[in-house]
Amino acid sequence: MVAILQVENLKKHYPERGGARFARTERTVKAVDGVSFSIEPGEVVAVVGESGCGKSTLGRVVMRLLEPTAGTIRFAGTDITHLGGKALREIRLAVQIVFQDPFDSLNPRMTVGASIAYPLKVNRLYRRGDRRGIERRVAELLVEVGLNAAHAKRLPHELSGGQRQRVGIARAIAVNPKLLVLDEPVAALDLSAQARVLNLFKELQHELGMAYLFITHDLSVAEHMADRIIVMYAGKIVEMGERADLFEAPRHPYTEALLSAAVLGSWGDAIEETILEGDPPSPIDPPPGCRFNPRCPHAAPVCAREEPTLVQVSARHTAACHLLTGKLERRPSSPGHPVAALSD
Amino acid sequence: MQPTDLLRVEGLKTYFFTRHGVAKAVDGVDLSLSEGEHLGLVGESGSGKSATALSIMGLVRDPPGRIVAGRIVFEGQDLLSLDAPAMRRLRGRRLSMIFQDPISHLDPIMKVGDWIAESLTLHKGMTRKSATAEASRLLKVLKVPSPDDVLDAYPFQLSGGMCQRVLIATAIATEPALIIADEATSALDVTVQASILRTLNELSENSGTAILFTTHNMRVVRKACSRVVVMYAGRVVENCETERLFCGPMHPYTVGLLNSVPSLERIGQPLVPMAGEPPLPTDDLPGCAFHARCPIRKPICEEQRPPLQEVHPGHWSACFFPEEANHGRDPSG
């Protein structure tokens with residue numbers, strides 16, 4: 001089976017200029033720094049990580065909304081890394097994106113119907129002037145995403161956040177894509193709207209057989225949606241595996257910490273959590289060696305010297321940590337350091 | 001008033017007078033907090049939790065907002081009877097607040113050290129020098145790695161988590177009796193969120209400071225709060241201990257919220273979202289505000305407003321049928 005999406009050693013670096021006028025400095029932000037993975041047709045792959053880990057950049061580079069600095073992107077076997085013009089437009093029919101913010105991603109002056117009809121028109125999926133055909137398809141799409149045909153006449157500001165996100169989804173699936181990139185599609189929604197939109201994604205995937213690249217910071221959302229999960233940290237993949245493997249036997253200390261933060265633990269359990277010190281690193285100046293080493297509870301000098309590579313831990317499960325290569329020993333979990341008393 | 005109550009809110013009504021009508025953001029809220037307690041105020045956007053927090057702090061902008069009824073008793077004083085200067089003296093000294101978006105609540109052109117020190121010189125009468133030393137000590141307490149570098153930085157040079165620690169340092173600087181954390185961890189990454197929640201827990205255990213968390217995040221509630229108040233459409237619908245809320249909720253809205261959370265403990269189970277949308281704050285409904293979305297509604301719910309009643313000792317619910325609320329909820333979650 002040919003993978004619907006295959007990404008190899010993908011990099012996206014941005015130059016960043018700083019400094020005063022006569023002391024210009026130029027540094028590189030390595031937002032995505034050598035990422036390889038693939039998605040099978042109809043598969044849901046979640047990319048999980050915290051802000052600044054490069055997950056959204058990854059989604060945009062895959063869509064070719066941003067130009068990759070290095071690496072290749074193959075779509076259903078075709079190399080699309082350097083495609084342009086008509087050929088790229090044709091690929092875009094098969095890859096669509098839904099954005100996080102349903103407030104910013106719809107034109108406030110276009111009716112819902114016009115927004116959804118737009119991709120149908122620019123891609124010439126209907127004969128010019130076939131208003132009836134387009135209207136029928138728009139109505140069909142609105143029903144598909146749980147709205148009704150009457151919503152076509154509304155403007156975005158008349159809708160709730162959840163409804164707006166449904167319009168964004170209808171617009172994305174209008175051209176029958178094979179792959180949907182979902183960039184934090186429920187992060188801006190209230191809990192009950194979030195649950196309904198997640199259920200909608202599941203139904204649509206079941207009915208239309210699309211593959212999803214589901215970008216989220218929320219592990220429990222990833223768990224709910226994905227067949228396979230990719231964990232990113234500071235521009236790199238640190239762990240990748242089938243959902244069950246990753247959740248039951250995480251192999252990277254960062255995944256463990258993410259999991260422990262995401263569990264709905266109870267009041268009394270709070271002490272057993274793996275709580276990381278410090279903040280995620282800046283992608284401008286990532287620490288040498290393993291990028292996670294300054295926050296890692298098991299880190300040893302080797303971690304700051306050598307960068308670990310992804311190693312196979314089981315058939316479809318890889319992780320990048322020196323713990324797996326025998327260069328590092330796991331430290332027994334130590335009780336959290338008590339905070340100094342407030343009035344000492 | 002029970003002797004241990006630090007804060008007691010009774011029948012609080014905060015209305016916003018807008019051109020679309022009167023928005024009853026807070027419409028008769030009762031809650032109380034004892035010393036050192038961690039209380040979670042939970043609800044979705046528009047439920048009135050932030051308006052409640054702002055009312056307690058005396059920070060409701062007038063116009064359009066106004067507290068039209070109720071009492072807010074804090075350390076034995078009715079805050080609503082205080083004039084502005086008295087309230088200002090209390091705020092920052094006995095009553096502190098941490099906001100959701102730390103960067104926009106710091107002064108962009110003021111160094112972080114001066115920011116923390118200002119609160120100390122103002123409220124504790126410290127000299128600038130000792131205030132700066134104290135600021136450095138506070139950041140050390142919050143486990144900020146090189147505190148003196150942070151004190152010398154401007155907010156834009158710091159990460160969101162670091163700015164939030166700075167706000168927390170400012171909030172605890174005067175050793176207040178109550179900190180209101182208004183969605184204080186919502187904008188942060190989960191690992192940073194976990195470390196900030198732990199720090200807040202430890203601080204409050206050491207100093208006996210009570211914390212009122214307003215949040216929409218059930219995970220934060222479960223990790224940080226001993227008791228929870230659930231709000232819907234400006235009213236309290238349920239009030240109980242955290243464990244009871246997760247094991248035996250007695251309001252159908254709470255059940256709906258819990259069923260909407262994708263949970264790592266309920267792998268493979270479908271989410272059961274609530275139907276419909278919450279009412280607009282300008283709607284004037286005679287009955288239960290949740291009835292249109294409620295799976296167990298009966299005719300009475302549309303006609304009469306259910307009062308908040310103590311169903312079990314320490315467990316209040318504003319539902320006519322609290323025992324039926326939990327149908328369909330999987331207890332393992």
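**View 1. Contact between chain A and chain B in the predicted model.** Chain B brings 44 residues to the contact, and chain A brings 40 residues. On the side of chain B that touches chain A, five helices each supply at least two residues: H6 (160-173), H7 (190-207), H8 (218-224), H9 (242-247) and H10 (252-260). H7(B) gives the most, with 13 residues. By class, this side of chain B has 17 nonpolar, 16 polar and 11 charged residues.

**View 2. Burial of strand S7 (residues 178-182) of chain B.** Five of the five residues of S7(B) are buried, so the strand is largely enclosed by the rest of the structure. Both faces are covered. B:Leu178, B:Ile180 and B:Asp182 are buried on one side. B:Ile179 and B:Ala181 are buried on the other.

**View 3. Pairing of S7(B) with strand S6 (residues 95-98) of chain B.** The two strands pair in the parallel sense. Four bridges link S6(B) and S7(B). B:Ile98 stands opposite B:Ala181 of S7(B).

**View 4. Pairing of S7(B) with strand S8 (residues 210-215) of chain B.** These strands also run parallel, joined by five bridges. Here B:Ala181 stands opposite B:Phe213 in S8(B).

**View 5. The β-α-β crossover from S7(B) to S8(B).** The chain leaves S7(B), passes through H7(B) and reaches S8(B). The crossover is right-handed. Its helix, H7(B), is also the one that gives the most residues to the side of chain B that touches chain A.

Note on methods: Residues numbered from 1 in each chain as written. Chains lettered and ligands numbered in written order. Predicted model: local features only at pLDDT ≥ 70, side-chain atom pairs only at ≥ 80, totals over all residues. Contact = placed C-beta atoms within 7 Å. Nonpolar A, V, L, I, M, F, W, Y, C, P; charged D, E, K, R; others polar. Buried ≥ 20, exposed ≤ 12 C-beta atoms within 10 Å, placed from the backbone. Pairing = 2+ DSSP bridges. Right-handed = clockwise from strand over helix to strand, strands pointing away.
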